[in-house]
Structures are given as C-alpha cells and as structure tokens.
Amino acid sequence: MGIFPDLATRPMNPDITRLEQAISALDAQRSALGDSVVDAALGPLRDRLAALRQAAENPVEDDSQKRKTITVLFADIPGLAALGERYDAEDLRDAVNALWERLDSAILSHGGRVDKHMGHGVMALWGAESIAEDDPEQAIRAALGMRSILQDISAEMPVFAGEGISLRAGINTGPAIVGQVGTTGEFTAIGDTVNLAARLNQGAPAGKILVAPDTYRLVRGIFDVEKLSPMRLKGKSETVEPYSALRPRPRAFHLITRGVEGVETELVGREYELGQLQDAYHRLFGERRAQLINIVAEMGLGKSRLFTEFLTWTDPQPNDYYLFLGRFAPSQTNAPYAFLREIVAFRFQIQDSDPLSVVYQKMENGFKAFLPDDPAAEEKAHFVGQLVGYNFSESPHLRGLLSDPGQVRSLGFASIMRLVESASQSCPLIFVLDDLQWADTASLDALSMLFRNLPAEMPVLAICATRPELFERYPNWGRGLPNASTLHLEPLSRKDSRAFVEQVLRKVEILPSALRELVVGSGEGNPFYMEELVKTLIEGRVVDISDEPWQVNLARLDKLNIPPSLSGVLQARLDGLDSLERTALQRASIIGRIFWDRALEAISPEIESERERLQASLATLRAKELIFSHPVSAFSDTTEYAFKHALLRDVTYET
C-alpha cells in the first residue's frame with residue numbers, strides 16, 4: 001500500500017521518495033558527523049517532506065475561476081470604422097486582418113495573452129495564467145510597440161496610407177476574476193480592474209496610451225510619461241488621474257518605495273528636505289549652474305526614500321536630463337574605482353556577464369553618443385574603460401601607456417570630464433549617488449576632482465547620500481564647489497512618527513492609541529525601524545491583515561516579545577520565517593547585499609529537487625519585503641536581488 005494507504009491509487013511523488021532516502025542516509029551518519037550537524041541538516045529536509053506529504057494528502061482542486069492580480073490592456077483604432085465607406089469590404093478585411101496580425105505580435109512578444117478582438121479593438125491580459133513581476137512594464141511596452149507598428153503600416157499599406165489612423169489604449173493593474181466565465185465557458189477576466197482599463201481606452205485621445213495610477217506606481221522610472229488632468233470616466237464615482245506613456249527610457253530603473261503589505265506610505269517629516277531638492281532641480285534648469293547636495297543621516301532615517309520621492313517627482317516633469325546613478329556595497333570599499341565603475345555600468349547598461357567585446361561596444365557607443373563631434377571619442381572610451389577596471393589592455397589606444405598607471409589615470413579623468421562637459425551642452429545632468437560611505441577612495445578622488453573642476457555655469461546636479469562616517473574617512477568630500485550644501489536628516493519628531501504609523505496602519509479601522517504609541521516609542525523616530533516593528537506585529541498576528549479593514553488583537557501583545565533594537569526586530573522577523581525561506585536568505589547573505597538566484601542554486605546542494613521551492617521562497621521573501629528584485633541584472637539569464645537594508649543582510653549573515 002505504500003506510506004499513505006489512502007493514496008494507493010495515486011502515483012507516489014518521486015520527491016517524497018528521494019527525501020525519505022536522503023533523511024535515512026543522513027541519520028545513518030550520526031556517528032561520523034555528530035548529532036548537532038545532522039539535526040541542523042535534517043531540519044529543512046523534514047519540513048519539506050511534511051509539506052510534500054500534506055500536499056499529497058490534500059491535493060488542491062483546479063478551480064475554474066481564480067482571483068489574481070493581472071494587467072489589462074484595451075487598445076483600438078477608432079479611424080478604421082470610417083474606412084468601410086470608401087473601400088471594398090474584402091480588400092479592407094484582408095488589410096485589417098494583416099494589420100491585427102502584426103499588432104497582436106507585439107502583445108505576444110511581450111508575454112501577453114490576446115483575450116479577444118472586439119470591433120476595431122483588442123483586449124489583452126498579463127498574469128492571467130502565470131504572473132511575472134514585470135507584467136505592467138511589458139503591457140506598456142506592447143502598447144508602445146503597437147503604436148509604432150501602426151505608424152509603419154500606415155506608410156506601407158495603400159489602404160491605410162494618408163488616412164491618419166492612430167491607436168489609443170488604456171492599461172490598468174489590479175485584482176480580477178480569471179478563468180472560464182459565462183455559459184460558453186470562455187477564458188477571460190472580469191472585474192473593476194478590467195472595466196477601468198476599458199474606460200481609459202475609451203477616454204483616451206487618438207494616439208495616446210493611458211496608464212492607470214496603480215500601474216504607473218509599478219513602472220515609474222522606466223518610461224517617459226506625462227501626467228494628465230483628472231478624468232471623469234463612465235461608471236466611476238471618483239475622478240482618475242492617468243498618465244500618458246510616451247516612450248521607454250534608456251536609463252530605465254525602478255523607483256523603489258517602502259511600504260507594509262501593499263500600503264504605500266507618503267513622505268512624512270521630510271517636506272523641507274524634499275523642497276530643497278526640488279528647488280535645486282528648478283535652479284538646474286533655470287540658472288543652469290553646478291550644484292552638489294549631501295544628504296547625511298544615520299541608517300534607516302530615509303536617505304534612499306528621499307531619493308525615491310525626488311526622482312518620482314521629476315518623473316512626469318517636462319524637462320529632460322541625463323541620469324547617472326551609483327549605489328555601492330561595503331564589500332567593494334577596497335576595490336579601486338569600483339564605485340566609478342558602477343556609475344559607468346549604469347549609464348551604458350553594461351552587465352557583469354557581458355563579454356569583453358560587448359563591453360567595448362557599449363563603452364564606445366556611449367562615448368560617441370555624448371561626444372558626436374569628437375573624433376577621439378573611441379579613444380576616450382578606452383581610457384575610461386581601463387581606468388574603471390575593464391580589460392582594455394589590448395586596445396591600440398593604450399599601447400605604451402599601461403606601464404604608466406598615472407598617465408592612464410590622468411587620461412581617464414580628463415575623458416570623464418570631457419564627457420560630462422559635452423553631455424551638459426545638450427541636457428542637464430543629475431548624479432544620484434547612494435551609500436557613498438562605502439565608496440572606494442579612488443572613486444571618491446575621481447568624483448571629487450570632477451565636481452571640484454566643474455565650471456560654475458555647467459548644469460550638473462549631484463545628490464549624494466551618506467552616513468556621517470564618510471567624513472571621518474574623507475573629510476574634504478564636497479568642498480570646493482561654490483554651490484555645495486548639506487542636508488542632515490534627524491529622527492522624526494513624535495508628531496511626525498505618529499502620522500507615519502497612522503499611514504502605515506491606515507487599513508486598521510480604529511487604531512488603538514496604545515498600539516500606535518508602542519510603535520512610536522520603540523521606533524525612536526526611525527521610519528525603517530517603525531516599519532519593521534509593524535511587520536513584526538503583523539507576523540505575530542497582533543494586526544490581522546487577512547481581510548479589510550485590518551483587525552487588531554491587543555491580547556496577543558502579551559505573547560509577543562518586542563525587541564529593544566532594530567537588530568532585534570530584524571532577528572525576530574528572521575525567526576518567523578519557515579526553514580526553507582530562512583535558509584535561502586542565509587545563503588543569500590553569504591553572497592552579499594546583492595545576490596542572484598543562479599548563485600543561490602549553485603550553493604544549494606539539494607537544488608535539483610528544490611529549484612521550484614527556492615523560487616517560491618524568494619517570492620515569499622519579496623512579498624514580506626525582506627528583499628526586492630532589480631529590473632536589470634548584472635548577469636544575463638539570472639534575476640538579481642538585494643536585501644532591503646544592509647543591516648538586514650548583516651543580521652542574517654550573523655545567523
């Protein structure tokens with residue numbers, strides 16, 4: 001009958017058999033390995049075995065309808081209807097069919113599902129069958145691709161030439177019922193999310209792609225957008241403020257915001273500092289002068305959040321600028337020019353896995369784009385490439401120079417200065433440099449030289465976030481620039497802390513003052529600390545988020561140990577993970593604050609039977625906001641992740 005007599009008619013899961021064999025083999029090694037080693041190794045295996053047995057005993061039925069988070073695209077070509085009066089029906093039918101075949105290909109190539117064609121329009125879904133993190137981004141890229149295809153076809157096909165037809169679209173993201181719907185059993189999606197996408201499509205001007213606010217929040221920073229005036233749509237009691245998607249940004253990156261269980265908090269207590277950054281932005285485009293702003297604060301007080309709010313604010317602004325982004329990790333502090341390399345790699349989209357020939361091409365193309373009239377642009381690209389650590393030793397431009405590092409450094413610095421000068425003539429530059437306290441000294445020297453020698457009339461804005469220890473190691477950072485200033489972030493006041501906690505817990509219908517004051521008092525004005533405390537309360541079921549409005553059970557506080565420090569809060573959150581999630585996070589901490597799923601697979605001995613479980617664990621860790629994924633990985637064919645905070649990685653590593 002096997003292990004489970006009631007499952008005799010079902011084939012045995014081979015993973016169960018392999019796990020049982022592995023557990024028996026490990027148990028047999030107790031005399032050689034010792035009880036502590038064997039017990040530690042058996043823990044995750046037994047948890048996995050229990051989960052597989054439970055799944056085998058209680059198989060999940062395949063429901064015909066499921067509630068899922070999806071992205072919906074409605075697009076149509078209003079001008080097609082008028083063509084029926086001027087062309088033969090068969091000729092027009094063949095042309096329209098050929099048109100939609102090419103338009104549908106844009107949807108399919110971006111991972112979408114063509115749900116149905118209606119009149120002169122189409123409905124497409126992302127996430128209806130399997131959800132991907134970039135579904136909203138891919139839906140917008142599909143709509144932009146459709147619009148471009150239509151423009152090409154209008155010039156190619158006689159039926160459409162000169163008719164001025166254009167595509168309009170509406171895109172929305174949110175929960176919907178997906179599955180077999182109606183008496184015909186048609187697979188589709190229904191719900192308010194779908195309705196809003198359809199209404200945006202109907203309300204869109206010709207040629208416009210309207211993106212709902214919920215979708216925009218998931219893709220901001222990736223596209224050039226235009227914020228539109230509030231629209232009143234049929235069937236909606238409140239106005240909707242959509243965004244018009246214009247084009248993808250070559251400097252694409254996500255603007256990460258903090259939040260708790262889907263609650264996105266607004267900036268609290270930093271209005272003055274945000275105003276200072278906004279004023280600098282206006283001066284950048286008004287006075288076109290060089291500026292440097294240091295944001296100095298201890299860990300968790302909101303330096304990166306201030307960046308995010310500022311870049312979010314600039315996103316729909318009509319001004320164009322070149323963005324140079326650099327973030328750093330403590331493991332690279334002693335690697336010369338590593339921070340400078342991060343900035344160059346971001347600007348030119350160079351991946352760590354790119355072969356040297358691709359690095360050459362991206363460096364050369366990047367410099368030629370910024371220095372279109374400079375015949376020595378390629379040479380300058382090679383000087384900088386060698387300076388920041390790429391192997392350009394075979395370059396003919398470096399022949400005879402490699403034995404003189406000082407000359408390579410001098411030529412590399414001069415080339416960077418020339419690139420910045422040339423780029424600023426066509427568009428202002430904004431440098432956003434995060435975690436500068438971990439930058440290597442060589443990069444700090446290079447950046448200091450650059451900013452110190454910028455002409456005062458050059459439109460460059462550098463915003464640098466750092467902890468105070470940077471100035472212990474590099475006391476002259478930021479000096480020498482006439483328009484340099486410093487913003488010191490202090491802990492939130494008690495009033496602002498209360499406002500912050502009320503935002504985080506705004507889904508609680510009646511927030512007990514005792515709970516609010518517990519978080520405020522323990523958080524000591526540190527937003528990150530307060531968010532982590534709230535998540536501890538959620539995981540301890542003091543705050544029940546299973547339904548809205550959220551419920552509070554103060555009686556469970558007696559069973560919950562509130563740690564006295566941020567490290568303790570993070571440790572408590574780690575203790576609340578299941579063994580496989582905790583193991584995945586621990587292995588990730590060995591790699592560093594930034595890690596990759598392929599690297600985790602490489603150091604996971606049981607990966608052949610656990611690959612799906614590893615991906616599920618990573619998805620859960622993302623949902624719990626312990627890690628987040630980067631839209632662009634340093635290595636191809638792998639997903640790049642980062643610990644939400646450096647301290648979280650350190651606390652995990654200590655375990």
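Helices, meaning runs of at least four residues, and strands, meaning runs of at least two, are DSSP runs numbered from the N terminus. The model described here is predicted.

- The space in the second largest pocket amounts to about 510 Å³.
- Its lining consists of 18 residues, and those nearest the centre of the pocket are Arg217, Arg220, Tyr243, Glu264 and Thr312.
- Helix H10 (303–314) and helix H8 (213–219) each contribute at least two residues to this lining.
- H10 provides the largest share of the lining, with 4 residues.
- By residue class, the lining holds 9 charged, 6 nonpolar and 3 polar residues.

**The cis peptide bond**
- Glu548 and Pro549 are joined by a cis peptide bond, with omega at about -5°.
- Pro549 belongs to the loop between strand E16 (543–544) and strand E17 (551–552).

**Residues with positive phi**
- Tyr337 is not a glycine, yet its phi is positive, at about 65°.
- The loop between strand E12 (322–327) and helix H11 (338–348) contains Tyr337.
- Tyr337 counts as buried because its relative accessibility is 12%, and the cut-off for buried is under 20%.
- Gln349, likewise a residue other than glycine, has a positive phi near 55°.
- Gln349 lies in the loop between H11 and helix H12 (356–370).
- Gln349 counts as partly exposed because its relative accessibility is 28%.

Conventions. Residues numbered from 1 in each chain as written. Predicted model: local features only at pLDDT ≥ 70, side-chain atom pairs only at ≥ 80, totals over all residues. Heavy atoms only, no water. 1 Å grid on protein atoms, 1.4 Å probe; cavity = no way out; pocket = protein on both sides within 12 Å on 5 of 7 lines; lining within 4 Å. Points joined across faces, edges and corners; volume = space filled by probe spheres on them. Nonpolar A, V, L, I, M, F, W, Y, C, P; charged D, E, K, R; others polar. Buried < 20%, exposed > 50% of the residue type's maximum accessible area, 1.4 Å probe, protein only.
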